[in-house]
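Student: Could you take me through one part of this protein up close? I'd like to see how it sits in the whole chain.

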Amino acid sequence: MFRNRNTTAGLVRRLLDGLTPRRVGLIVLGAMICTFGIHNIHQQTGITEGGVMGLMLLVEHWLGVSPAFITPVLDITCYLLAFKYLGGRFIKISAVSTLSVSLFYKVWELFPPMLPDLSAHPLAAALLGAVFVGVGVGIIVQQGGSSGGDDALALTISKVTRWRLARCYLFTDVVVLVLSLSYIPFRRIAFSLITVTLSSFLIDRVQSFAFRRPARDAD
């Protein structure tokens, strides 16, 4: 009986290892910021995405496969790669961040748009949306997690190639956006390119900030 209790307690400690209240709080904050921008700016103005989301839209358009099937396959593939190169701790923290992102998507959907419609001002939408995504995802990545398959893929590429994180995000986004020219007008892709360029830079800057903190502040 006592052995079972000790085993259970040990399992709980392993599951919670690294998930400090501070880290979880920052992950939730990052999820709230990035989903707010995506819901209130990107989805309202029709700015398309690069990375996994853009690839999902591309496959749906040309092959007619439902996103309900494509998205899990792409995300699982990215997380399997991440598990191989980044380890189980990354997957554990990413589970918390991915659930937080999903939760806040649902929360924002309960409310009408909270920002003015920027459809007539696509450049402003691209820049402002990039700030929300860059800062929000940057906070999540800073804490050792990811908001979805895009982040897991970029972090894996960075680990393998030793490229800066901004370069990895931009590489995957640009590849998908170029392929998306096969069905999306160039003008719309151009604003998406502005968004992914700025958001990639901000994610890298926010994520790098963690390494400049004094050691006594680290988790």
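Tutor: Let's zoom in on one helix and then step back to its surroundings. This is a predicted model, where local features need pLDDT of at least 70, side-chain atom pairs count only at pLDDT 80 or more, and totals for chains, interfaces and linings use all residues. Numbering starts from 1 along each chain as its sequence is written, and side-chain values use heavy atoms, with hydrogens and water left out.

Our pick is α5, covering residues 88–109. Helices here are DSSP runs of H or I with at least four residues, strands are E runs of at least two, and both are numbered from the N terminus. With 22 residues, α5 reaches 32 Å from its first C-alpha to its last, close to the 32 Å expected at 1.5 Å a residue (that is, 1.5 Å times one less than its number of residues). Which residues of α5 are buried? They are F90, I93, S94, S97, S100, V101, F104 and W108, where buried means under 20% relative accessible area with a 1.4 Å probe, counting protein chains only.

Stepping back, the protein chain has nine helices and zero strands, and 41% of its 219 residues count as buried.

Terms used. Buried means under 20% relative accessible area, exposed over 50%, partly exposed in between (1.4 Å probe, protein chains only).
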